[in-house]
Amino acid sequence: MGYKAKFRVWRGDADSGELLDYQVDVNEGEVVLDILHRLQATQASDLAVRWNCKAGKCGSCSAEINGRPRLLCMTRMSTFTEDEVITVTPMRTFPVIRDLVCDVSFNYTKAREIPSFTPPEGLKPGDYRMQQVDVERSQEFRKCIECFLCQDTCHVVRDHEENKESFAGPRYLMRIAELEMHPLDVADRRNEAQDKHGLGYCNITKCCSEVCPEGIHITDNALIPMKERVADQKYDPIVWLGNKLFRRDK
Amino acid sequence: MTEVERHSYDVVVIGAGGAGLRAVIEARERGFSVAVVCKSLFGKAHTVMAEGGCAASMGNANERDNWQVHFRDTMRGGKFLNNWRMAELHAQEAPDRVWELETYGALFDRTPDGRISQRNFGGHTYPRLAHVGDRTGLELIRTMQQKIVSLQQEDFAEHGDYEAKIKVFAECTITELTLDDGRISGAFGYWRESGRFVLFEAPAVVLATGGIGKSFKVTSNSWEYTGDGHALALRAGAQLINMEFVQFHPTGMVWPPSVKGILVTEGVRGDGGVLKNTDNKRFMFSYVPDVFKGQYAESEDEADRWYKDQEANRRTPDLLPRDEVARAINTEVKEGRGSPHGGVFLDIASRLPAEEIKKRLPSMYHQFKELADVDITAEPMEVGPTCHYVMGGIEVDPDTASASVPGLFAAGECSGGMHGSNRLGGNSLSDLLVFGRRAGLGAASYVDSLASRPVVSQADVDAAAKMALAPFDPPGDGAEENPYTLHSDLQQSMNELVGIIRKAGEIEQALEKLADIKSRIHNVVVEGHRQFNPGWHLAVDLRNMLLVSECVARAALMRTESRGGHTRDDYPQMDSQWRNTLLVCAAADDDPVAPAVSVTRKEQTPMREDLVELFELTELEKYYTDGELASHPGRTD
């Protein structure tokens with residue numbers, strides 16, 4: 001059943017680049033990453049593309065296919081018609097290194113700024129007791145494969161370089177929610193979520209949830225509950241008064 | 001003189017999968033500075049692919065479980081060829097390593113009383129695998145990645161620099177280890193992004209580079225699995241053992257072609273899935289080998305009852321060790337009872353309600369839906385064997401994880417001995433934790449004991465740089481070779497000639513092919529420049545794949561028996577004369593591209609008596625020679 005697909009791939013580096021046209025063989029059952037690999041092996045041996053597991057588990061091969069943030073390994077060729085031109089470009093939110101490979105260090109920097117898991121003092125290894133129903137909330141967020149597609153699509157930073165400093169992005173706001181909902185974590189990250197990591201920038205358009213290849217309900221289950229917790233902490237007048245009187249806000 | 005970026009650390013860990021990360025944590029907690037170097041982005045290592053779980057005899061699901069039972073299962077799985085001391089340490093320490101992960105923030109699935117839930121798996125007597133649905137490897141990687149972040153935060157608080165003690169060098173490939181007077185002095189490599197060279201000056205190197213699956217055509221392994229650690233160790237003068245033992249996981253996807261080999265977790269069978277042939281027959285009942293007779297259910301009814309009541313029933317033969325199941329599938333397909341795309345059926349749809357399947361095996365559901373358009377809650381999967389794991393690896397001291405070269409340590413898949421001739425599912429993640437920690441500790445103690453630091457010589461750096469750049473500037477005395485073509489030739493040969501079923505003539509053919517590839521590899525040419533150039537990256541990795549492939553083939557030819565992950569069609573029986581013999585691979589010359597490989601026999605140290613006594617004499621008789629058992633208390637009484 002093979003046919004030749006029309007591909008338009010962004011080639012270039014940090015300074016400049018352009019979309020180049022290719023015609024590549026396609027076989028039954030293949031995904032976009034297979035086609036890019038065939039392109040490497042036959043026409044463009046130096047085409048830069050990140051990938052690892054080719055099974056949607058590692059989150060390395062993130063890019064934009066016809067403008068939509070997707071994993072190259074999980075996008076089947078059968079979702080396109082045979083005469084459709086398939087345009088593959090690097091993620092727009094991050095600086096390009098070469099071709100489809102971006103500098104995603106922004107994410108690793110943000111990861112380091114979030115206070116880590118803090119267990120109760122004196123709780124010994126082996127003595128952790130948690131109910132399944134309680135761990136499930138954070139487990140959903142821990143399905144994250146760190147493909148950074150949610151970060152890529154989020155309009156707060158997608159075309160606003162200036163917001164990157166003060167906005168951790170959906171992935172890391174979700175990490176805060178994950179720790180806040182961890183049944184045994186004792187730290188309080190609510191103020192920090194709002195003041196340091198820009199939770200307030202999120203206006204719940206759910207773009208992040210839409211592109212998540214793991215189907216995590218980032219907005220509904222992580223960001224909105226986090227906003228509610230922050231609102232309770234920062235804006236509830238009784239809590240506010242209590243904090244003023246007893247200075248418990250530190 | 002070569003232009004090179006220099007860094008100095010106490011310990012350099014190569015590989016950022018489970019073993020590497022656990023080594024980093026340990027070395028840093030002992031106060032040493034650590035560089036962790038990985039070919040991919042941080043957190044993408046192959047450990048994320050591990051699905052089923054992490055074996056540890058915590059006894060949460062069945063309180064009769066303990067380290068001795070786990071030890072016995074591990075030795076049986078490896079057909080008693082395992083390094084027994086490693087198997088002992090592994091079984092003893094695995095529970096502590098799992099509980100430790102909870103203190104780093106891991107969230108395993110729970111039992112009703114709030115402890116870590118444990119699931120059944122092939123070869124394990126009791127439900128033993130700590131798990132998170134079917135994405136346990138991801139949980140391990142992420143947990144340790146986040147632990148490293150928390151250590152970096154502590155270092156930031158103390159030194160004002162996140163990277164004061166631990167620095168991650170991501171997308172960086174190590175191409176050579178350097179030696180000073182026979183001791184490790186450092187590691188040389190290049191940044192994948194820029195192609196620029198980098199030198200780590202360090203007295204201790206921990207290899208945690210994983211496996212060799214990319215030498216085979218059908219594999220569950222990612223591109224990173226090119227045997228780098230194996231090859232680096234050989235070229236530095238260390239030895240590899242057990243290289244003939246390669247695990248073919250019985251259940252890989254077989255269709256569509258582009259995903260052929262991708263893993264289908266053993267958890268499917270642990271949770272009730274059964275293997276069927278095209279006649280709808282549960283064929284595994286016909287494949288219980290003599291050594292396991294009596295330990296597995298003999299009827300479908302008993303097997304089905306076992307899922308509910310494990311005390312009164314024996315387990316289903318669908319959960320025999322992986323080598324047995326892979327061979328059975330191979331036979332069914334060969335004899336014409338396979339599925340339409342050349343595998344067999346794995347049926348969970350008729351065994352569990354759809355909702356339960358989605359809950360217990362979410363990523364399998366997702367994987368088949370997205371990649372094969374198969375709804376596993378409604379129809380059976382098609383599966384077949386895929387190259388999954390190499391039991392062989394760097395020979396190490398069990399307690400310190402040190403190789404024979406001073407300053408060199410190894411842990412995880414790239415080390416050898418722990419799993420003998422066949423690894424049990426779930427024993428890999430626990431292996432990473434136990435021996436990753438021990439390697440970090442071993443490296444820390446070694447650095448602590450040094451009176452003087454070794455020095456990297458400029459000549460070594462120049463030679464390594466020249467070697468790495470060779471593909472841009474081939475000698476020009478032969479036809480130019482494309483690295484992708486050579487790689488695919490190599491994979492084809494290994495898959496067809498040294499694959500799941502082997503025979504002397506075919507292995508000899510494979511060795512000829514490898515010699516041919518070796519003669520062509522000098523002429524590999526890559527286009528373009530050094531910046532993020534995948535053709536060049538492959539050319540560099542190719543010589544490692546060639547070297548380890550030769551080790552696999554030579555050892556496979558020499559071992560004239562069938563055992564675990566080594567099946568000889570011309571020697572189909574397990575031979576107890578071979579049980580205690582290790583085949584040791586070493587570099588036999590100084591060829592910088594790919595040295596010649598020598599293979600020699602070596603006897604293992606006999607198992608300590610108190611461990612021998614954990615087994616019934618009748619079981620040992622199936623594996624040991626009469627001579628070996630002459631002094632057994634059961635015989636002398």
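Mentor: Happy to; we will take the sheet, then the interface, then some backbone torsions. Keep in mind that this is a predicted model.

Trainee: Let us begin with the sheet in chain A. In what order do the five strands of the open sheet come?

Mentor: The general idea is that strands of a sheet pair through backbone hydrogen bonds, either parallel or antiparallel. Here the order is S2-S1-S5-S3-S4 in chain A, with mixed pairing. From one strand to the next, the twist averages 35 degrees.

Trainee: Which strands of chain A stand at the edges?

Mentor: Those are strand S2 (17–26) and strand S4 (68–71) of chain A. Each has a single partner strand, so one side of each is left without a neighbour in the sheet.

Trainee: How do strand S3 and strand S5 of chain A run, parallel or antiparallel?

Mentor: Antiparallel: two bridges join S3 (residues 62–65) to S5 (residues 85–89) in chain A.

Trainee: Now the interface. How many residues of chain A are in contact with chain B?

Mentor: There are 46 from chain A, in contact with 50 residues of chain B. On the chain A side, the elements giving two or more residues are helix H1 (32–42), strand S6 (96–98), helix H2 (105–112) and helix H3 (132–142). H3(A) gives the most, with five residues. By class, that side of chain A has 19 nonpolar, 15 polar and 12 charged residues.

Trainee: What should I look for in the backbone torsions?

Mentor: Most residues other than glycine have a negative phi, and most peptide bonds are trans. A:Asp99 is not a glycine, yet has a positive phi of about 50 degrees. A:Asp99 sits in the loop between S6 and strand S7 (101–102) of chain A.

Trainee: Does A:Asp99 count as buried or exposed, and why?

Mentor: Buried, because A:Asp99 has 27 C-beta neighbours inside 10 Å, and the cut-off is 20 or more. In chain B, B:Glu171 has a positive phi of about 55 degrees, and lies in the loop between strand S7 (166–170) and strand S8 (172–180).

Trainee: Where is a cis peptide bond found?

Mentor: A cis peptide bond joins B:Trp255 and B:Pro256, with omega about -5 degrees. B:Pro256 is in the loop between strand S13 (246–253) and helix H6 (267–270) of chain B.

Note on methods:
Residues are numbered from 1 along each chain as its sequence is written. Chains are lettered from A and ligands numbered from 1 in the order in which they are written. This is a predicted model: local features need pLDDT of at least 70, side-chain atom pairs count only at pLDDT 80 or more; totals for chains, interfaces and linings use all residues. Two residues are in contact if their C-beta atoms, placed from the backbone, lie within 7 Å. Helices (H or I, at least four residues) and strands (E, at least two) are DSSP runs, numbered from the N terminus. Ala, Val, Leu, Ile, Met, Phe, Trp, Tyr, Cys and Pro count as nonpolar, Asp, Glu, Lys and Arg as charged, and the others, Gly among them, as polar. Two strands pair if DSSP finds at least two bridges between them. Axes are lines fitted to C-alpha atoms, for helices over the stretch in contact, and angles run from 0 to 180 degrees between N-to-C directions. A residue is buried if 20 or more other C-beta atoms lie within 10 Å of its own, exposed if 12 or fewer, and partly exposed in between; C-beta atoms are placed from the backbone.
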